[in-house]
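The tour below goes from one selection to the next.

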Amino acid sequence: MASAIAAVVSIIPSSAFAHAADRGHVLLLPTGHYLAAGAAAVAASFLLLGFVRPGTLRAVLDRRLRLPFGLPGVRLLLSLISFALTMLLVAAGFFGSRDPLSNPLPLFFWTLLWVGLTLAQGALGNLWAAINPWYGPCRLVRPFVGTPALRLPRRTGYWPAVLGLAGMAWFELIDLAPDDPSRLATVVLAYWLTTFAGIALFGYVRWLGRCEFLSAFLGMVARFGIVDAGGRRLALCFPGARLQSVAPLPLSGTLLILLALASVTFDGLSRTFFWLGLNGINPLDFPGRSAMTVINSLGLAGAFVALAAAFLMAVWAGLRLSADPTPPLRAAGLLVWSLVPIALGYLFAHYLTLLLVNGQYALVAMSDPFSLGWNLFGTAHWNVEAGIVMGHEAAWVIWNLQSGAIILAHVVAVSVAHALADRLRPADGRLLAGQLPLGILMVLYTVMGLWLLSSPTGA
Amino acid sequence: MADDTGIFGRKAAGLSRRTALKGLAATAAFAAGPGFVRYAQAQSSQPIRIGFQAHRTGIGAAYGRWYEKTTDAAVKLINAAGGINGRQVEIITEDDGTDPKRGAEVVAKFAGQHKADVVYGTLFSHVVIGSAPAAGELKIPYYVVSEGHHVASTKLNRWCFQPGITDVKSQIQAMAPWIAGNVGKKVTMIFPDFAFGYDHRDYLPPALKAQGAEVIGQIAIPPTESSFTRYFPQIPAETEVLYHVMVGPAVLTFVKELGEFYGSNKPQLFGFIDSLEAVDINSPGLEFIDGTHFWEGSPRYAQSNDSDAQKAYRAAVGIDDNGAAVGDAADVSTAAHMFGCWETLYVIKKAMEDAGYQGPQDRAKLVEATEALTEFKEGPEHPQGDKVFNGKIHQVFGHQNISKVEGGKLVVVHRTSIEDGLYEPEGDYTTMPL
């Protein structure tokens, strides 16, 4: 049948509705200046930091503002609510509206969890530890199950989480219908059960800490947040300050962060005229995801390999330039933490419009999860204002927010890398030389991030 | 309680079994709430089920949103007036991701899983073409709102209809008499170098020739282009009308650069609003289109002579006088096309009533009843205007609007006759077996 369709396609002229809005307005903005300014800002930060001893920077980052209260003991309750909500959403996925913008499951999962919660983790701290949907149920079943039967070998590292995140990225970016409610419900339910089984076999801390990719990745992102829950009372700190006390990640953990950044980057790249043209796809007549399965699978893998190679080489070159005896993978495992703010900046910039519009759809869908005419929270009849991201004024505001986030993220990343370098062992007087390769990589990544957001898109 | 026992660690202790069981039971009860019961009841009331193949995600999502709003508005009215054959209409929306393969899957889901009576609402041509074979094989009527020439070409199959919007061949052809008679006889065309542009490249010249005008230049722009200035010197100096149908994100750049190229001394410009559908024509960069003309299927802006039906339609869908969402001025609608959803739903209603449609066993009768339709009168069911339906090629024909950009609005200056857009049928679906 495919060949029959192809034959008909070639015979029949088609109409096209390649959309002029959104990116069209951005194309008229002086984005080239932003690219240059962004690169200059990150480079200047790098050079200025050269005058600041990492120890001094660390001292600043170690400052805390103590709050007069601690974490309330509601973790069990929150997790049980979260579990119930998860199951409710799964049920909605199977039995609610088939429309992915009316069914709450795709909206909650892709917009509020994958984008919204990740950003909240990055801004605040590990909310996920309190609201993950496994903790509560595990506490409930604890009396009935014994001690974990199996021990997770140490060499397992974060590899299961890397696989999980790769699967998630593929599902999001390449699968034909990741928003289909029942398809997503199946995936979510299967993943919940698999994780629950993993916990039963290997124990909660081990499995969620290193194998379950959401917890592993969100836990890493949370290290950037400003809420320090380490003590009895909460404290506020500078963004990224808590990254100073991180342990170097094993290679698998390094790759987990790199994969997260690569997947967001590739999501942006895969929509550009550049990528489509490179692959012989007419960007004004985008054929749909089904035509891109192989191309984008290779592209996603390629983006990951390219980023990982560039990062590891930059770290290795930095050690060579500074005559630092630290083992390269150990240094990479430490410095990779400086990519966390970049991943957050990319995520914010890339999904800002999605968050603004689909966030509204989520609020509406929440009130009537099964499309039965309910109005549980009084939001069922809210008018979704898509105009919030449309028109030249919105385009200008959004572009400035996006480019600001990208540039700021890289400036912070350069700073974090500089502070982390205090834990390396460069030869005397070679500290800055050692950071130069990674600094250059960050300047280039700033330019690429801004370019991805400002070049014409067709998918 | 410490989290280092049992499943969390080594020692097993903690919540009592009783507390744990209560918690589990409460959670299960929450998950299996009253929604399931009501859902089960809804299945037995037997509404007419229309499968809406919607572009909710993917490249067509901006259009899909307005197709959905229009569909909802029409169905609300249809149901308030008693539904179809005394049964309420239920819309089942499935997202096709604006993808042809997914489109075919969705058609199969409508026919199988959802037991839909018909499938409806597709816009993008490649999704129509990808889905049509599935509709034919599963013998489910497939009503598209695409404006492509695919249905009328009679190269799809007998189950495919386009009764609510005219096709691009008819639209282009209908422009020729007005262009030749009012703006100029020497026309240069600028179009993107792929199928959409080829429709215009191929259909316009013969239509203009029949009106005593001629195409003196055809400039095909590669689709990956995002700057156009270097193409403009190819425009012949004696050009009286520049016919442009650029699409995509670089349209604003195209207009801006064209303005910089010509300054105030420009030829007449004629375009299709497809280029700027859902885009505010008062956006920076578009100043140059002031005073130029566009094709519009249905006018974006409220006109001084709008019929009551047109006013009621606009109010029901929720667009203001500027064609934007009521209360959300930046959300400009796809007004030129989305009326087709409204009118198609009323055609389905009419055909089902004519066929005495009861259920999926009557689908073939529904096809024949649709083919037997000949004309639709302007009114609440057809607010865009009168239509003529050709049952042999499953395609509707209607009036087109030519609008001038004046004072930041699109003002209709001419309405073509239906005859302007008629052409010789290229085949006959009714001879195909059902």
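Which residues touch the most other members of the largest nonpolar core? Select B:Val107, B:Tyr142 and B:Ile179, which hold that place among the 157 residues of this core; a nonpolar core is here a set of buried Ala, Val, Leu, Ile, Met, Phe, Trp, Tyr and Cys residues joined through C-beta atoms within 7 Å, and a residue is buried if 20 or more other C-beta atoms, placed from the backbone, lie within 10 Å of its own. Next select residues 335-355 of chain B, helix α10, which gives the most to this core, with 12 residues; helices are DSSP runs of H or I with at least four residues, strands are runs of E with at least two, and both are numbered from the N terminus. Domain 1 (45-166 + 338-398) and domain 2 (169-296 + 403-412) of chain B both contribute residues, so the core lies between them.

Before going further, note that this is a predicted model, in which local features need pLDDT of at least 70 and side-chain atom pairs count only at pLDDT 80 or more, while totals for chains, interfaces and linings use all residues. Residues are numbered from 1 along each chain as its sequence is written, and chains are lettered from A and ligands numbered from 1 in the order in which they are written.

Now colour the two domains of chain B separately, with bounds that come from an automatic or database domain assignment. The centres of domain 1 and domain 2 of chain B, taken over C-alpha atoms, are separated by 31 Å. Their contact takes 5 residues from domain 1 of chain B and 5 residues from domain 2 of chain B, where two residues are in contact if their C-beta atoms, placed from the backbone, lie within 7 Å.

Move on to the open sheet of chain B, whose 3 strands follow the order β13-β14-β15 with antiparallel pairing; two strands pair if DSSP finds at least two bridges between them. Strands β13 (375-376) and β15 (395-398) of chain B stand at the edges with a single partner strand each, so one side of each is left without a neighbour in the sheet. Between β13(B) and β14 (residues 387-390) of chain B there are 2 bridges, and B:Glu375 is found opposite B:Val388 in β14(B).

Finish at the hairpin of β11(B) and β12(B), with 2 residues between the strands, where B:Gly327 takes a positive phi near 85°. Strand β11 (residues 324-325) of chain B runs antiparallel to β12 (residues 328-332) of chain B and is joined to it by 2 bridges; B:Ala325 has B:Asp328 as its bridge partner in β12(B).

Notes
A residue is buried if 20 or more other C-beta atoms lie within 10 Å of its own, exposed if 12 or fewer, and partly exposed in between; C-beta atoms are placed from the backbone.
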